[in-house]
Amino acid sequence: VTSTISARLLFWYECRRVCRSPVIWIALAVLLVSGTWGAHNTARLHSDQNADLARLAQQEADWYADVRIRAARYSKPSADTVPYWQDPTSASGFSRYFLRRFAAKPHLPLSVLSVGQSDLQPFAVPLRLETLFGGDRVYDYEPPRALSTGLFDLSFVLLFVAPLCVGWAASALGALERDQGILPSVAAQPISPRRWWLARLIALSALLIPSIALVVVVPLVAAGAPVVRAWPETIGAISLVAAHTLFWIAIAGWCVARGHSVVAALSIVTTIWLLLTVAIPIAGTLALQWNHPRPSPIADVNELRHVTDQVQREADAVVVRHLVKRFGLSAASVNPSALDYSTRLVAITVEMERRLEQQERRRQEYARASDRVAGLVAWLSPQAAFQTALADLAGTGTRRHRDFLRAVRDFQLELRSFMYPRVLHPVTFQGVPSCGGCPGRLTFTEYDAIPRFAFTDDAPSERSGRSLRTAAWLALVAIVVGLLSIAGSRTWALAP
Amino acid sequence: VLRPLVRLEILKLVRDFRLVAVMAAFSGVLLLSGTVSWLNLREDAATKAQVAAEERARWLGQGEKDPHSAAHYSIYAFRPAKALQAVDPGIVPFVGEAVWLEAHLQNDLLFRPQQDSNAFERLGLVDPAGLFIRLGPLAVFLLAFAVAAGERELGVLGLALGTAPTRAGYFGAKVLSVIAVGIPVLVGPLVLIGVLSLMTVGGGADDAVRLLSWTLGAAAYIAILAAIGMAICMASRSVQTAFAGLLLSWVILSLAALPAASAVASWRSPVPSFQQMKLVLADEAPAYWTPETGAEQIASILQRYGASREEDLQQTINVRGAQLDVAERHAQAVFDREIGRFYDRVQAQDAVYASLGWLSPAVAFDAISAAFAGTDFFHHRHFIDAAEQYRRGLVNRMNADLIPNPAINGREHTNDGTLWSDVPAFAYRPRPALSAARAVTPALIALACWLLGGAVIVRRTADRVQP
């Protein structure tokens, strides 16, 4: 018998053993059932959110239809009078009381892969011109108890249940001979321990990796995710899950190769799992709190109120300064008290943002520090890296949300640059055209020209590329651990 | 009879230096997490108290203005920090902590601590009770494994059972030893943090009762886990099976049970769409009304005052103020119906979750822990309602001042500090501990059943142990 044939025989023998093991089938069944349920839970949440987005869009359309009817009515001569805040044809009135736009963050094709932060962070943000630094601070109210326990989703199964199942199965299979006391008999055969371990690890990987990948694809399909159309993301997800499974097989293999019993190997796998899943993220959170304390929103409210008081006290001067800056010295003669509240708000909002710029900068700095720590935690903990990559691929992670918030702010500035000149125009150019005897001021009727929010996502290939990089990192760590365990098994680890 | 056996088992446990090291690690993690939580809470409480005082000063010192402008200026109310929040933050990281009580709107509470966080911050949430509920079972199962598996591994279980007066007594002593070690190791650090928080953050007799109740619940949780762990070890034929069984039980009973119970609760008692509710509010109770709604308001005001023309009323009352009052009271009714109904559904879902305590002791204790700490939605809603009642009182008072004072020569009525000081400072009194217990009665019953069931299972399994 040549050594080559021995290795092949050994591999097929191990494959048969893995296939016949009830532990493997139990683990896969647990993952399949819980994964399908988890994906279904996320699909339901996201479907509700999509329905909300459709409702918001419909409500916005209905609103503008009503605005047009009113505008038409106020554009005809009538004995009625309409205050500016009830007049959609007044640029200033429209800017504060009629302008409705919302920014939507639609779900990506593979969103059911991970609920990520999508149960916590808003997916629709209403826009107002006077809100400071972006959209309104809103959130979609998911029951907070459910947020604190976390949603039972597919990523929970992959992150929490799969490693323990894989560790359990790999330890139980790997240490069987040792625990049953037949390892000396194996050692007596003409097989080197390295080859034996290599065959065992390859057999485990060859069967577990495709099976668990299938266990991921089936729930995705069952939850209605378009896995074929979104093939780059599907490939990314499969690669991630494959690398993650390989990592945990390598960890369990390393424990068993060192001669540990099933109990000891499972203990070590569980401890490593705890360290990577709980301890490192907690350490990251504490490090972040220590080095970059989160800006207190309560103190921020205090500052906001203080600055509001200051600006309101100086409101007339603030308005005149703004007008002079915009229209030149001729605007200095404008009586600011005669301007309506919406027009004054243009200058006041800009001034408020100027004075609260430091506060916003503190918030941004904290977000950047949090991102830096997140990057570090991902390097230190393959579990955190895996979780982040799944959420990134699903489009439910922090990265996409931050991009969304930036886009919301850009859109607010775009809306302001569209509306503000129209609001301020009548201030310096009195006698703006208005039909004789019409209740409407007719300084703004270009409703179709109001910009609309459009969120440009990364290309699917980009998202997939990032997940492939994470998968490569996990696979590299797994291969190193696997090689270490094989290299360390020069002699048979026989029980004393 | 039991006492020497229990003492012996405890001695065996504390002599195992590896086990002592592992338990010290569990204790240390809980203590560290609790300390960080307490320090954050202390700072938070001080900031809230200071800013609330400044808000009050701002309200009183806002100078002379139109009362309706004052109602818009209003105040921010901050949810006060509860002392036991250091032990169990509950839903606090996922709900807002400040609300602007302005006219026309029942605003949401803003600034959810977790909203802008990275995923790892949610994974590594500094939540002492969360760690206790999720990782406590692992520590207790390790203790149970250590006291129960040793004799089986050495093959002397038969001999030990032969010399024991009764099997139930023998295994009962082991369970008691696990409880005796588990409680100081796992519950002790959190009780210490609770006491420290009561002393520094502030809390009265009610909070002391809450801490005592929480401690009893936590001790019961440890006892249940000890019984389950021991039953698994006794029922297993081998050490390996026992360990696999314990690990599987930990994953099922604590890690998976909490989100699974949460998913079942949301399936059985779904919460309607928040966005949809918001759209209804925007539609039925808009902050700024249309000319048509304005005309309806005027008609109702004319009817109320027995006048036929608006101009007739303008000499006697402030029609704008009366309109504001009509709009405000209409909005309040809409808020009660829509927001009240929405929060009722959230609370109903929490009640379903609490009633799922029979699924796992972790679920039962999770509901109980947040209830006694005062950090569940039941308590949160009480604050929301109290803040809303204060807002309504404030806005209605401002409108009431405006209505009898019509504008004179186009100049609107104003008022000053005399009126502002007529509105008392916002002082929130939380719910008493008894009402918290009442809200989680099903979970308390489930925990008691688990305790009783654990004792029965240990007894039954002890009789059937095969050495």
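What follows is a short tour, one selection at a time. Bear in mind as you click that this is a predicted model.

**Stop one: the two chains together**

Color by chain and look at where A and B meet. You'll find 81 residues of chain A in contact with 86 residues of chain B. Between them, the two chains bury about 7,300 Å², and carbon and sulfur atoms account for 62% of that area. Now select Tyr139(A), Tyr141(A) and Arg305(A): this trio supplies 12% of the area that chain A buries against chain B, more than any other three residues.

**Stop three: a salt bridge inside chain A**

Zoom out for a moment: over all chains, the whole structure has 57 salt bridges. For one inside chain A, pick Glu60(A) and Arg101(A), where the closest N and O atoms are 2.8 Å apart. Glu60(A) sits in helix α2 (residues 22-74) of chain A and Arg101(A) in strand β1 (residues 101-104) of chain A, so this pair ties together parts that are 41 residues apart in sequence.

**Stop four: a helix pair in chain A**

Next, select residues 297-313 and 357-380 of chain A, which are helices α11 and α14. They pack at an angle of about 160 degrees, with their axes 10 Å apart. α11(A) and α14(A) are therefore roughly antiparallel to each other, and their crossing is left-handed. Show side chains here: Asp300(A), Glu303(A) and Leu304(A) of α11(A) meet Gln359(A), Arg362(A) and Arg363(A) of α14(A). By class, that contact has four charged residues, one polar and one nonpolar.

**Stop five: a helix pair in chain B**

Last, hop over to chain B and select helix α9 (residues 239-268) and helix α13 (residues 319-355). The packing angle is about 130 degrees and the axes are 9 Å apart, which makes α9(B) oblique to α13(B). α9(B) passes α13(B) in a right-handed crossing. On the α9(B) side, the contact is made by Leu258(B), Ala261(B), Ser262(B), Ala265(B), Ser266(B) and Arg268(B). Gln349(B), Val352(B) and Tyr353(B) are the α13(B) side of that contact. Sort the contact of α9(B) with α13(B) by class and you get five nonpolar residues, three polar and one charged.

Key
Residues numbered from 1 in each chain as written. Chains lettered and ligands numbered in written order. Predicted model: local features only at pLDDT ≥ 70, side-chain atom pairs only at ≥ 80, totals over all residues. Heavy atoms only, no water. Axes fitted to C-alpha atoms, helices over the stretch in contact; angles between N-to-C directions. Helix = DSSP H or I, 4+ residues; strand = E, 2+ residues; numbered from the N terminus. Parallel < 35°, antiparallel > 145°, perpendicular 65-115°, else oblique. Left-handed = near helix turned anticlockwise from the far one by under 90°. Contact = heavy atoms within 4.5 Å. Nonpolar A, V, L, I, M, F, W, Y, C, P; charged D, E, K, R; others polar. Buried area = accessible area lost by both parts, 1.4 Å probe. Salt bridge = Lys/Arg side-chain N within 4 Å of Asp/Glu carboxyl O.
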